[in-house]
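Trainee: I have a new model on my screen. Can you show me how to read it, feature by feature?

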Amino acid sequence: MTLRTLILGGLAITTVAWVGAEATAQERAQSPARAPSPPTASSGSTGDGNVQNQRPRQLPSTVMPNFDGPGSLDSPFGSPTQRGFGQAPQSAIPTLPTLPDPNADIAYGAYQRGLYRRAYDEAKQRADRNPRDAAALTLLAELTYQGLGIRQDFAKAAEWYKLADAQGDPNASFGLAMMMLAGRGVPKNEMAALGYLEKAAKAGQGPAAYNLAVALISTGKPEDLKRAIDLLRTAAQAEIGDAQYALAVLTKQGRGIPQNDAEAAQWMARAAANDNISAQVEYAIMLFNGEGVKADEKRAAQLFALAAGRGNAIAQNRYARLLATGRGVAKNRVEAAAWNLMATQQGLADRWLDDTLKDLSSAERIKAEGLARQRNADLSANLQP
């Protein structure tokens, strides 16, 4: 398996999800419409890599290593938006503020509080005292890689990762694999990177399991798909939103796994809770239509509003429809016009909405345009409504 396979695999999972949902959308489009044109069309990838505005620290939907900043999927410490960010496995965080805890992990505690220089010093002292302290070595690697509290040095970070990997730390194995895939700090070595990914995934490291699963799906072989699903389950249990979303899509399609709308809805809900914007849109549609879950238009509208505010064009369009018809949310034609305008500006026009809102007054249109303009400005500044 080559790097190209890995990278293409990442793109493939997005394509898998997109194609599958597009098929669903076509099926729905051919079905009798439910008045008054509710948001039944599924979104597919719901904008990832399409019309969706990506936030800087959102988990990517592909396996492409992202070295642009701290907290991305390539970091073994996860995203700052995710639960457990910065916490090493089995590390103990102080819980008693008034008494020193002899078991407290001072280095990781400092890292979590943003005291990076102190985190480095504490970890370095630990590593000096015990060169087999895998958690301290991994933290040194992460800080050095990101340039937090110390000058950024990819080669030195790779050295720390190798030392930690030798002590069996799966986060270090994964970090080293990502560096090898990118050829950063170490020579580019696709096969060696794959070996480190396998090693980390075998130890239950979620992002490694997800990356391998995506690569296996891209081969198109039934035996690889079976193993990919097992790996996705491992990653999903580690609360990797992309893995939960992929598992939901495969379960919904019945691809490599028995088709089960209820189970698909459960995975989709978990992925949505883990901030996966595609899952938020897809789960909103499932809630609206009562697919695998009890119909709940109010909850669907809330999720559409959330994803719309994050810049997803499909969510903006569906939320506009709900606002225009008063389903799941109070009817508000000005708000509907504003969201419809934002979706249209991203290339998702809707003739039904245009006709429904064509009798707005000039004052209402000006107000809607102002709302859309302000929201787009907020999105450009990474501010969510």
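**Reading the fold**

Mentor: Start with the inventory. The protein chain has 17 helices and zero strands. Keep in mind that this is a predicted model.

Trainee: How much of the protein chain is buried?

Mentor: Buried residues account for 50% of its 385 residues. Then look at the contacts. Among those between residues at least 6 apart in sequence, 58% join residues at least 24 apart.

Trainee: Which residues have the most contacts inside the largest nonpolar core?

Mentor: Leu232 and Phe304. That core has 99 residues. Helix α12 (residues 277–289) gives the largest share of this core, nine residues.

Trainee: What covers the buried residues of α4?

Mentor: The cover includes α2 (106–112), α3 (116–129), α5 (154–166) and α6 (170–182). Twelve of the 13 residues of α4 are buried. Among them are Leu137, Leu140, Glu142 and Tyr145.

Trainee: Which residue follows α4?

Mentor: Glycine 147. Its phi is positive, near 70 degrees.

Trainee: Let me try α10. How far does it reach from its first C-alpha to its last?

Mentor: Helix α10 (residues 241–253) reaches 18 Å with its 13 residues, close to the 18 Å expected. Twelve of its 13 residues are buried, including Asp242, Gln244, Leu250 and Lys252. Glycine 254 follows α10, with a positive phi near 70 degrees.

Trainee: Pick one residue there. Is threonine 251 buried or exposed?

Mentor: Think of helix geometry before you look. An α-helix has 3.6 residues a turn, so residues three or four places apart point the same way. Now the case. Threonine 251 lies in helix α10. Threonine 251 counts as buried because its relative accessibility is 0%, and the cut-off is under 20%.

Trainee: Which backbone oxygen does the side chain of threonine 251 reach?

Mentor: That of leucine 247, at 2.6 Å. Leaving out residues up to four places away in sequence, threonine 251 touches Ile257, Pro258, Gln259, Asn260, Glu263, Ala264 and Trp267.

Trainee: Next, the rings. What describes a pair of aromatic rings?

Mentor: The distance of the centres and the angle of the planes. The count here comes to three aromatic pairs. One of them joins tyrosine 111 and tyrosine 116. Their centres are 5.6 Å apart and their planes 65 degrees, so the pair is edge-to-face, as planes over 60 degrees apart count that way.

Trainee: Where do tyrosine 319 and tryptophan 339 lie?

Mentor: Tyrosine 319 and tryptophan 339 form an edge-to-face pair, 5.9 Å centre to centre, with 65 degrees between the planes. Tyrosine 319 lies in helix α14 (residues 313–325) and tryptophan 339 in helix α15 (residues 333–345), so the pair ties together parts that are 20 residues apart in sequence. Both residues are buried.

How values were computed
Residues numbered from 1 in each chain as written. Predicted model: local features only at pLDDT ≥ 70, side-chain atom pairs only at ≥ 80, totals over all residues. Heavy atoms only, no water. Buried < 20%, exposed > 50% of the residue type's maximum accessible area, 1.4 Å probe, protein only. Helix = DSSP H or I, 4+ residues; strand = E, 2+ residues; numbered from the N terminus. Contact = heavy atoms within 4.5 Å. Core = buried A, V, L, I, M, F, W, Y, C linked by side-chain atoms within 4.5 Å. Expected span 1.5 Å × (residues − 1). Polar contact = N/O pair within 3.5 Å; in protein donor to acceptor, adjacent residues only side chain to side chain. Phe/Tyr/Trp six-rings, centres within 6.5 Å; stacked < 30°, edge-to-face > 60°.
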